[in-house]
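This report describes selected local features of the structure shown below, going from helix packing to annotated sites and backbone geometry.

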Protein chains: 2
Amino acid sequence: MTTASRPLPKSIATVSLSGTLPEKLEAAAAAGFDGVEIFENDLLHFGGSPAEVRGIAAGLGLQVFLYQPLRDFEAMPREQFARNLARAERKFDVMEQLGAGMVLVCSNVQEAASDDPARAADDLRRMAEAAARRGLRVGFEALAWGRHTRRWREAWQIVRQADHPALGLVLDSFHTLALGDTLDGLDAVPADKLFFVQLADAPRLSMDVLSWSRHYRNFPGQGELPVTAFTNAVLRAGYAGPLSLEVFNDGFRAAPARLTAEDGLRSLIWLESEAGGAALPAPPALAGVDFLEFAVDAAAGQALAQRLQALGFTHAGRHRSKAVELYRQGDVNLILNAEPDTAAAGHFAQHGPSVCAIGLKVDDAGRAMARARALRCPEWREPTGPGERTIPALRAPDGMLFHLIDDHGAERSIYESDFALADWTRTGAAPVADTANADSGHAGLAGVDHLAQALPAHRFDSFVLFYRTVFGMQAEALHEIADPYGLVRSRAMVSADGRVRIPLNVSDSGLTTTGRCVQAHAGAGVHHIAFRSTGIEGTVQAIDRRRAGMLPVPANYYDDVAARLALDDTLLARLQRLGMLYDRDAHGDFLHAYTAPFQQRFFFEIVQRDGYRGYGAANAAVRMAALTQLEPA
Amino acid sequence: MTTASRPLPKSIATVSLSGTLPEKLEAAAAAGFDGVEIFENDLLHFGGSPAEVRGIAAGLGLQVFLYQPLRDFEAMPREQFARNLARAERKFDVMEQLGAGMVLVCSNVQEAASDDPARAADDLRRMAEAAARRGLRVGFEALAWGRHTRRWREAWQIVRQADHPALGLVLDSFHTLALGDTLDGLDAVPADKLFFVQLADAPRLSMDVLSWSRHYRNFPGQGELPVTAFTNAVLRAGYAGPLSLEVFNDGFRAAPARLTAEDGLRSLIWLESEAGGAALPAPPALAGVDFLEFAVDAAAGQALAQRLQALGFTHAGRHRSKAVELYRQGDVNLILNAEPDTAAAGHFAQHGPSVCAIGLKVDDAGRAMARARALRCPEWREPTGPGERTIPALRAPDGMLFHLIDDHGAERSIYESDFALADWTRTGAAPVADTANADSGHAGLAGVDHLAQALPAHRFDSFVLFYRTVFGMQAEALHEIADPYGLVRSRAMVSADGRVRIPLNVSDSGLTTTGRCVQAHAGAGVHHIAFRSTGIEGTVQAIDRRRAGMLPVPANYYDDVAARLALDDTLLARLQRLGMLYDRDAHGDFLHAYTAPFQQRFFFEIVQRDGYRGYGAANAAVRMAALTQLEPA
């Protein structure tokens, strides 16, 4: 196996990015791509000449790897051939000005094309000869919906038969994988005939391949196709040209080009490593959520502390040098940060009261940070006081921080280092609460079960890629939940052993609870924090349900759940009395209860999972409807 | 053929509408429905009891025709049957409180279900017997993705075999037509066994039927399924129950419920008439666009007049009693209305300078208005001065007015009645322009070729329905056009002989030229007015291209169009010199040129079609890119 340990050049087709041609080129360069494919319409619609485009690209340090596409060329009726060749010559004129050395010819889709590989080979050989006279090259690609040539092997037979040094094969992961095909047999193709490789992933959708291709492609790691195996085969075959993204995606067309380009490069770096090329440091083993940090001001901090106390949290310490308080229950550490001039304060200014940082327990923080850096995640260093620990941190695409915590070799926990801890924390037993309500002591919450993020709809794929590449998390199945004012889509990202679970929620409607949360948060936010209880009935009885803002559950829900899941009357009565919801999957039971949102931004959930593997999606619509009745849209 | 001349009751399933259950009921009642189907989740998520829902519905004058659905009931393993019957009894409890006399049972989708129609019939008979004890009825429906029962004929065989008076058949247009099935053979089913009919249309999409059904259904007249033939068969079979809409649509879930409900009732009234039931007056024969009226203030009016004069329009008259000016060229009449306290002034206040009214030439304005009224379009009467004509008018769903003009029996044209016309209008020859630029006289524009509307994405289906039902226009194929900042979808509505053509444009992205126009117009607007030229080269030479704001065309475009369509060099040079675009279809050639938008709201186009039937969609992306370069997003 000949794997390249040196990275291959990285490229992106301009059609993958939003904006005018100069904007696309700037975005590709800013992200760090080596070059681009120029999509024909991007050039045609640009007011400047091809030579000006060449100048812009050169000024940005970008190569123009490919001009694309030339369509419906080969195997047309004879009277058409001279016209087609004349058309190709005009495109070669453009390529010379553009500084593009290669043109992509995709297999003919016209009814008039003849099913004659020999003629196709002859036509392409003559085009290649014309290209070669100008020092240009021609790459031939099988479109999945080509009239006669749909598989890469068919395209290869034509290229082989044409037998011209300026004619080679272009491979495209989407066109190959969408047909359920593989690259088996690619080893037989000489490496110098592999002219170019285009990469795209896609969700598995059962629709016609043309619509799927034109609207739903995404970057490798964002979809469900076996792009890694495809790329591995490409590398094994000795391909040494650019890895180039070619993505047609309605969302990408409308999203900020810089963010899309950053995702694209992250995707390619990750893919190359997964496929056995230039390697990344291994992803971290995630052992759980160590802490959540909330950005607050004094007033929000006080209100949130009261809400937490109602849920059984106890004040556990004050930061040694900052206006930062620690609340604790079981293994849950919640940090309320009101210190000015910190990352948290910046987050508060932009997003209001919100989760500004998450502490994740990892096996090796140094290796995890090295991987994140290689994947172009910005690193963050918070200024620290004397004796305080520096915790490595990286910024997620929405600006939230992830702190990476490993306690290998540390004498003291980060809490002991940074906080003046309350005496009770040394014994582990929380005192009876410091509020008037004796119920609000330790209520049996043991850890963080999951955290959900509400994202703007066009950022969904971006966060799937972030969690998958940086933390090695896997995407679970997509759920659709009917909010009264529109659909919400939810997909959980989960670490290898399930100790960190982050459902991502989006909605095309701005009126759903998710959509409204995105707006309230100015586009970023953990909006849902689920705590694991060791005994949810005890927890729900121990907390101050009124002050915790527990969400009412409609009586009709209980009528239905009883009928649907054949619950016995005793259990049903207990559920209803305590305002709990119930779900069940093949693995076990799930009991849970929601709070109303804190200042319309995030809410808490208490869960008890007895083998159950989901997130209560069946009941999420109940929550959404209840919220709508509390706070009409 | 037994057609009902009395209208059948009209119903809508609550799942078709956005909001909480009370909001849905209010919207259905406000639109004028007779009753509803209560979708189970709408009830489960509602905080009040079923009896309260019954009270709300009764207070609004709505019947509860159906409760739905009860799933996965029949032909399960024996040990499950008692549980299923207990579940059904609990649902019957709910139905009694709700005042719903019928429950919808849809065919079982569970793997565990046995392929045994006799057992299915037996189970359903026993359920029907239980229902009958409470005076309730059971309707059985074949889901298109049912495990064993997918076709209505299979469901009917089971219902027939069960042979219980409280058990009947529910027909659903989507489940039938999505499988390519028809209602052939329905005459053999006794009318009293047709318990209920659910109606939905859908665009033709090649995807799995479940996804298609759950996300893309729409109202009859908005899609492409043969729902009229389906409904005709239902009426011929003697069905006399409600016609009920059951639509799962992502857009409808997020759209204002009142607007959706209004569309729904319009759809059913039209469908019933088309299918041979209660009849509507025939749609008008549209003979063309008589005038366009722009809402302006003094400043915008002056600026627009200058733009029109640059395009060769001449001032043709002043309104007898209002601050309204008429400009004319060929058969194009453009009215600039700056009169306070009129519909135009209201339109201006809400939308800025914009087309506030369109005058359509019809064969019989009285009949057209009667049809529009029957389809629940609001009528509009503008106050008139002495001697002025009252032109019947109706309001489109976005508030724009359509005036219906027939000159049968009128002594004078509406312009002669209402305007003090310039002398030249009597000879037909426009004078040399009243501006300093001698070029801006009559430039050869002969009529309105087409008008395009930019709509908010969720209003697309609504306007398709409006033009189809009220004016009898047909929907042409959907085009997708790549704006630099997202996709634009376009579908033209066209009158029988093509004399009125109205492309409708939407974009999910707010950054496209279409999306930005929708925002600038506050959600309503003709944004594109194409004038027909009898000789476009002469027109483009005659107008003041600079003051008309003609849009520049990139040189790269000409390189491509020459290569792609093999244009001769002479034509190419003329196109480029005059800034014209070129397209061709199977029917002929198309030459056209665009202006930049007037105050970022609407733009003009000059077209010459020589047999060509499209709208230059191939070149629309050139326009969008040029606009983006003039006015970056």
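## Helix packing in chain B

In this predicted model, helix H3 (residues 50-59) of chain B and helix H4 (residues 78-98) of chain B have axes that come within 7 Å and cross at roughly 35°. The crossing of H3(B) and H4(B) is right-handed. On the side of H3(B), the contact is made by B:Pro50, B:Ala51, B:Val53 and B:Arg54, while H4(B) contributes B:Val94, B:Glu96, B:Gln97 and B:Leu98. Sorted by class, the residues of this contact are 5 nonpolar, 1 polar and 2 charged.

## Helix packing in chain A

In chain A, the axes of helix H11 (residues 257-274) and helix H17 (residues 460-471) come within 10 Å and cross at roughly 35°, and the crossing of H11(A) and H17(A) is left-handed. The residues that make the contact are A:Asp263, A:Arg266, A:Ser267 and A:Trp270 from H11(A), together with A:Ser462, A:Leu465, A:Phe466, A:Arg468 and A:Thr469 from H17(A). By class, this contact of H11(A) with H17(A) holds 3 nonpolar, 3 polar and 3 charged residues.

## Annotated regions of chain A

An unreviewed UniProt entry carries the annotation "domain: VOC", which covers residues 288-407 and 447-596 of chain A. For residues 288-407 of chain A, the end C-alpha atoms lie 13 Å apart, and the span is 27% helix and 38% strand.

UniProt also places the feature "binding site", again from an unreviewed entry, at A:Glu141, A:Asp172, A:Gln198 and A:Glu246. These positions are spread over 106 residues of sequence, yet they cluster in space, with a largest C-alpha distance of 13.0 Å.

## Two of the annotated positions in detail

A:Asp172 is found in strand E6 (residues 167-172) of chain A, and its relative accessible area is 2%, which means that A:Asp172 counts as buried, being under the 20% cut-off. Apart from neighbours within four places in sequence, A:Asp172 is in contact with A:Glu141, A:Gln198, A:Arg217, A:Phe230 and A:Glu246. A polar atom of the side chain of A:Asp172 lies 2.8 Å from the backbone nitrogen of A:Phe174.

A:Gln198 lies in strand E7 (residues 194-199) of chain A and is likewise buried, with a relative accessible area of 0%. With neighbours within four places in sequence left aside, the residues in contact with A:Gln198 include A:Glu141, A:Asp172 and A:Glu246, each of which is also among the annotated "binding site" positions in the UniProt entry. Also among the contacts of A:Gln198 are A:Glu37, A:Leu66, A:Gln68, A:Leu104 and A:Phe230.

## Backbone geometry

A cis peptide bond joins A:Gln68 and A:Pro69, with omega about -10°, and A:Pro69 is found in strand E3 (residues 63-70) of chain A. In chain B, the peptide bond from B:Gln68 to B:Pro69 is cis, with omega near -10°, and B:Pro69 lies in strand E3 (residues 63-70) of chain B.

A:Gln600 has a phi of about 60° although it is not a glycine, and A:Gln600 lies in the loop between strand E24 (588-594) and strand E25 (603-610) of chain A. Phi of B:Arg376 is near 65°, and B:Arg376 has its place in the loop between helix H14 (365-374) and E14 of chain B. With a relative accessible area of 46%, B:Arg376 is partly exposed.

## Buried loop residues of chain B

B:Ser16 lies in the loop between strand E1 (10-13) and helix H1 (21-31) of chain B, and at 0% relative accessibility B:Ser16 counts as buried. Leaving aside neighbours within four places in sequence, B:Ser16 is in contact with B:Leu245, B:Glu246, B:Val247, B:Phe252 and B:Thr260; the side chain of B:Ser16 reaches the backbone nitrogen of B:Val247 at 3.1 Å. B:Ser16 and B:Ala443 are 427 residues apart along the chain, and their C-alpha atoms are separated by 51 Å.

B:Gly385 has its place in the loop between strand E14 (379-380) and strand E15 (393-395) of chain B, where a relative accessibility of 16% makes B:Gly385 count as buried. From C-alpha to C-alpha, B:Gly385 and B:Arg71 are 64 Å apart in space, and 314 residues apart in sequence.

Definitions and conventions
Residues numbered from 1 in each chain as written. Chains lettered and ligands numbered in written order. Predicted model: local features only at pLDDT ≥ 70, side-chain atom pairs only at ≥ 80, totals over all residues. Heavy atoms only, no water. Axes fitted to C-alpha atoms, helices over the stretch in contact; angles between N-to-C directions. Helix = DSSP H or I, 4+ residues; strand = E, 2+ residues; numbered from the N terminus. Left-handed = near helix turned anticlockwise from the far one by under 90°. Contact = heavy atoms within 4.5 Å. Nonpolar A, V, L, I, M, F, W, Y, C, P; charged D, E, K, R; others polar. UniProt positions renumbered as here; feature names shortened; annotations may be inferred. Buried < 20%, exposed > 50% of the residue type's maximum accessible area, 1.4 Å probe, protein only. Polar contact = N/O pair within 3.5 Å; in protein donor to acceptor, adjacent residues only side chain to side chain.
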